[in-house]
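Dear colleague,

I am handing over the structure below, and after it you will find my notes on what came out of the analysis. Please read the two side by side.

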Amino acid sequence: MSAQLAENIDWVGYVDWNVRDFHSFDTFRGATYNSYLIRDTKTAVIDAVKAPYSSQLLQNIAEKTALEKIDYVVCNHAEPDHAGGLAALLTALPNAVLLCNKKCLESLAGYFDISRWKIQIITPDDKIPLGKFSLQFINTPMVHWPESMFTYIPEEQILFSMDAFGQHLATSERFDDQYDLSVIMQEAKAYYANIVTPYSKQVQRTLEAASSLPVRMIAPSHGLIWRKNIGRIVEAYKDWAGGKYVPKVLIVFDSMWDSTAALAQGVLDGAMSESDEVDVQLMHVRKTSMTRIAAEMLDAAAVALGSATLNMQMMPQMGGLLTYLSGLKFAPKKAAAFGSYGWAQAGVILLEKWIEETGWTKAADSVSSQFRPKPEDIEKAREAGKLLSRAALAGVVSK
Ligand code: FEO
């Protein structure tokens, strides 16, 4: 399978239709590892694929050109879903020189025996002429690894953006105008929320640095290539990196014997009753993957967290989610805690503590119930939902 970005510039990557767990990222639509071949007087490959799929990458390249004709392999990013195939690639391409920045080489040396590799360290000041085309490089540190970099072909105005602007989405199509844009945006958002969010400041700097480049195509290392909706994805990245909120209340909870679930329903009913302009969503943490919860939390202005008490702790999956959210460092939310307990209360107290320590703002008093919630407890939950809904409408501003 291949696809042409421009004359003599082709996609030669791998579509991973059945991957469902990408280092705990729930890839329920699969993934792709995009690699690109540029044929000119000199020939270059940009990025490899996961190690198990390097033979497919080599086959895709061989269908276009003799392997000994490859002069350069560019490594934009050292993470193994792209660099994993480098060892096989550089072994099979006898004349290829690896182009990467100094930081990248440090990471590659940690993964591979690089003693036999031909390597040229490049900097943003370098321009590698291929003939009609040339390669330029933009360092994008911590988007999302220290060595991350973009490669740019000015003659075709194509930006090879490694993970940035990517989506985990297996398709037989290669371009954004060939597939349902709402699904692409949904997956781009999930990708941003789960992979990129902690590095939003660096994303803002990268967007600023790249804004002077004329770009008619963005070719990421995952998912569809942007050629029609570049403005849309760049604006979305600006919003996500800027911590822009939408009027949304996200209720995430875990329950033992449906008492916390009843409180969650009360919060939901209250939030929905307050305003038609607020998107209210309810997610059970054991029935919804953390990937999807994080994707919806990215731009939610208000969040309710609920947990029953188990062994003087919150429910374990709730604890796992909070550990995950602590690392993602979303823009601060308006928040409230709720939950039931039996003979001693802990879940709500721990949720409150996490909310405070994370720097989120309390939008409503915590709601708790001993055993089954009484009507007055449900009413308190409804009131908390209303306050969260109001806070979500009021909080639709960037952090
Ligand atoms: Fe797709 Fe950060 O690797």
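The accessible surface of the protein chain amounts to about 16200 Å², and carbon and sulfur atoms account for 51% of that area. Please keep in mind that this is a predicted model, and that the values in this message are all computed from it.

On charges, the protein chain carries 39 positive and 45 negative side chains, and the centres of these two sets are 1 Å apart. As for burial, 57% of the 399 residues of the protein chain count as buried.

Turning to the overall fold, the protein chain contains 12 helices and 24 strands. Its radius of gyration is 24 Å, which is close to the 21 Å given by the globule rule for 399 residues, so the protein chain is as compact as a globular protein of that length. Along the principal axes, the C-alpha atoms fill a box of roughly 75 × 40 × 35 Å.

In helix 1, which spans residues 54-62, the buried residues are S54, L57, L58, N60 and I61. These residues lie on the same side of helix 1, because they cover an arc of only 160° around the axis. What do the buried residues of helix 1 pack against? Their partners are strand 7, strand 8 (43-46), strand 9 (70-74) and helix 3 (86-92).

S35 sits in the loop between strand 6 (31-33) and strand 7 (36-39), and it counts as buried because its relative accessibility is 0%, where the cut-off for buried is under 20%. Leaving aside residues up to four places away in sequence, S35 touches D10, W11, V12 and G13, and also V45, I46, D47, A48, V49 and L57.

T291, by contrast in location, is found in helix 9, which covers residues 290-297. With a relative accessibility of 2%, T291 also counts as buried. When residues up to four places away in sequence are not counted, T291 touches S24, F25, D26 and N194.

Key: Residues numbered from 1 in each chain as written. Predicted model: local features only at pLDDT ≥ 70, side-chain atom pairs only at ≥ 80, totals over all residues. Heavy atoms only, no water. Helix = DSSP H or I, 4+ residues; strand = E, 2+ residues; numbered from the N terminus. Rg over C-alpha atoms; globule rule 2.2 N^0.38 Å. Buried < 20%, exposed > 50% of the residue type's maximum accessible area, 1.4 Å probe, protein only. Areas by Shrake-Rupley, 256 points an atom, 1.4 Å probe, with all protein chains shown as cover. Lys, Arg positive; Asp, Glu negative; His and termini not counted. Charge placed at Lys NZ, Arg CZ, Asp CG, Glu CD. Contact = heavy atoms within 4.5 Å. Arc of directions from axis to C-beta.
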